[in-house]
Amino acid sequence: MAPRETKFKCLMCGHEYAGMYDPQNVTERTCPNCRSSSVRRMSESKGGEE
Amino acid sequence: MTYSEVEAVAGFVGNFHVTIRQKARYVDPNQCTGCAECAKVCPVALPDEYQQGFSSRKAIYIPFPQAVPSAYVLDMNHCLGNFPLACGKCAEVCEKKCINYDDQDKLVNIEVGVIIAATGMDVYDPTEYDEYGYTRYENVITSMEFERLICAGGPTEGHFIRPSDSKIPKSIGFIQCVGSRSRDGRGNPYCSNICCMNTVKDTLLLCDHYPGVQANVFYMDIRAFGKGFEDLFMRSKEEGVKYIRGIPGEVVENPQSKNLVLTVENTTTGKLEKHELEMLVLAQGVIPRQDNDVVRKLLTLSTTSDGFVMESHPKLKPVDAPTKGIFIAGCVESPKDVKDSVTQAGAAAARASILLNAGKTKVEAITSQVDGERCNFCGLCSQVCPYNAIMSADRKTKKLPVIIQAACAGCGACAAECPQDAILMRHFRDEQIMAQVEAILEKDPHNQLVTFACNWCSYAGGDNAGTARLQYPTTCRLIRTMCSGRVDQKFIFHAFKLGAPMVLVSGCHFSDCHYISAVQWTQKRMDRIWSKMDRLGIRADRLILEWISAAEGQKFARVMRQLEEKLKSVTKAEIEHTMKALSEEEAKGKAKKPKKAAEVEV
């Protein structure tokens, strides 16, 4: 699967942002708002949480 | 073996099987005397890569004068063609008849006990620093090009001349940190280590070859640490080299004289200065080799965020790779000079010889084992293993996966991912961890923060917080696993089922992972668990993931304080709903037949 843009949501502060997601090479996620690593990938196809 | 590439590496410490592609060189190196008659008649002229394109080579050539063996090689990509033969002049003049147009690549298999990776580095291409005019102005060159021009064996036989008019320049500028210590999105954020002293050496060479030449060095900081380096720097200053603290913002060429005018803010005086120089040298930084990723995959290595190969431990095992039996030396690990590379190579050779001389190795006490009764041959465990330590199962022949104990490092990612619970981790068995969860939640579960912490980073981060006497809430209850990759989703749901309001999973930062890429599985698994929590009507933010390093005691304490606040927001009704939902889910799961391999999400 190719890298694609997807939405992320921080579970610590609730901040949502868009970023690239590569299923073959998962990288460390950091919330740009609060620096937490508890960042969840949201489903891009359903528009909701995966 | 020269002119060869490693194609594949299989096996484990003491038993590596390496497949090497020995490229066809079309010249028999045992017969070739290096007489150069073939090159004289070759009609193809190409830029000489070794001389940085300042001179040309032929299609049949010796890559560089010190090449071993000192025999010619035919560059078939640029030869006029041998099928059908289009030229053939080289073969005609070769007295030894050592040119063979039908030569083929050969695959050679060898068995080795240990491997040392010393694949080196590349240099940064400064073309994206457009303000320096490297692609526009002939007299702007890189430090690598400087090396060739000043070298007696170079294209100008050591005469340092301007490319525009072949005259010896009277004034030369050096711009430091090109592609290094950059935070503006161009280049790399790290210091390339060698450029400062390389420039100091270059200025001394210039002063030695051309007394009276004016050399100006534009720099941020001169990093002259190391034995004798400060003396060398001072000598350069005494020779009259000007060191100007400031990086030029613009370089403009005078179209008539081809001189270069640099605009720079001298941060020592605070003044804007203009310097007209006849030639400019860009001290380009170093970067990981472009094929580092290939090496990484071949040897199951991990890389840091800057792309260099990561060592097993920066202080205690600086030349060991995380995979047993593999060692690293030189710039594959980080930018370094010749002395450090030689030191590291010596250390790697010594470490390797310890293993080879012993003839045997100790295996980890904490390794995985397969429960043949439960395994359904899905093969997921072998895909998960960062060390390729699991020989895959075969559903057709009912062959169970085999865990190579010598290669297993004990991260436990396979045990956590196995949908059949068919992998058992010695000393970190499911029952042992579940028992810890139960013990934590035995009393007053609604006020306990169940925290899974990896042995190497987060657990040590907690220790760091403790030894620094940092305050954090007493609700925190730690369960140590070797890696966050070991944290099975059933541990988390078991905690929620027993009434835990919050669960924290913490591990190493990706670049610090002691198990190559096991943390990637933690991240993937957490995404799946959060989705499942949604389906069950459990708030996803009751499960938190944090990467905390051993040095981040402050962060550990801060996260605990934040989670204490979050914990208060979880109501008793919510906890009861969670416990009920999970009990129902468990009952459904027991009624359902086990998942088949095809249904397993990778």
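Two residues are in contact here if their C-beta atoms, placed from the backbone, lie within 7 Å. Keep that in mind for the interface. This is a predicted model.

Let's start where the chains meet. The contact takes 16 residues from chain B and 12 residues from chain A. Which elements of chain B each supply at least two residues of the side that touches chain A? Helix α13, residues 518-535, and strand β27, residues 543-547. α13(B) gives the most to that side, with seven residues. By class, the side of chain B that touches chain A has six nonpolar, five polar and five charged residues.

Now confidence. For the complex, the predictor gives an ipTM of 0.90 and a pTM of 0.82. Chain B has an average pLDDT of 93, and 98% of its residues score at least 70. One stretch of chain B to flag is residues 596-602, where the pLDDT is below 50. Beyond near neighbours in sequence, that stretch has 12 contacts in the model.

Chain A averages a pLDDT of 84, with 86% of the residues scoring at least 70. Over residues 45-50 of chain A, pLDDT stays under 50. The model has 10 contacts for those residues beyond four places in sequence. Look at the elements of chain A next. β2(A) has the lowest mean pLDDT among them, at 92. β3(A) has the highest, at 95.

Those two strands bring us to the sheet in chain A. It is an open sheet of three strands, in the order β2-β1-β3, and the pairing is antiparallel. Which strands stand at the edges? β2, residues 16-21, and β3, residues 39-41. Each has a single partner strand, so one side of each is left without a neighbour in the sheet. From one strand to the next, the twist averages 40°. Strand β1 of chain A, residues 4-10, is joined to β3(A) by three bridges, and the two run antiparallel. Within that pair, Cys10(A) has Val39(A) in β3(A) as its bridge partner.

Chain B has an open sheet of three strands too. Its order is β1-β2-β7, again with antiparallel pairing. The edge strands are β1, residues 4-12, and β7, residues 106-112, of chain B. Each pairs on one side only. Here the twist averages 20° from one strand to the next. Between β2(B), residues 15-22, and β7(B) there are seven bridges, and these strands run antiparallel. Find Val18(B) on your screens: opposite this residue, in β7(B), stands Ile110(B).

Pair one is α4 with α5. Left-handed or right-handed crossing? α4(B) passes α5(B) in a left-handed crossing. From α4(B), the contact uses Met197(B), Val200(B), Thr203(B) and Leu204(B). From α5(B) come Phe229(B), Leu232(B), Phe233(B), Arg235(B) and Ser236(B). By class, that contact has six nonpolar, two polar and one charged residues.

Pair two is α11 with α14. On the α11(B) side, look for Gly461(B), Gly462(B), Asn464(B) and Ala465(B). They meet Gly553(B), Lys555(B), Phe556(B) and Ala557(B) in α14(B). The residues of this contact divide into three nonpolar, four polar and one charged.

Phe493(B), Phe496(B) and Lys497(B) make the contact from α12(B). Thr578(B), Met579(B), Leu582(B) and Ser583(B) make it from α15(B). The classes there are four nonpolar, two polar and one charged.

Key: Residues are numbered from 1 along each chain as its sequence is written. Chains are lettered from A and ligands numbered from 1 in the order in which they are written. This is a predicted model: local features need pLDDT of at least 70, side-chain atom pairs count only at pLDDT 80 or more; totals for chains, interfaces and linings use all residues. Helices (H or I, at least four residues) and strands (E, at least two) are DSSP runs, numbered from the N terminus. Ala, Val, Leu, Ile, Met, Phe, Trp, Tyr, Cys and Pro count as nonpolar, Asp, Glu, Lys and Arg as charged, and the others, Gly among them, as polar. Two strands pair if DSSP finds at least two bridges between them. Axes are lines fitted to C-alpha atoms, for helices over the stretch in contact, and angles run from 0 to 180 degrees between N-to-C directions. pLDDT is the predictor's confidence in each residue, from 0 to 100. A crossing is left-handed if the near helix is turned anticlockwise from the far one by less than a right angle, and right-handed if clockwise.
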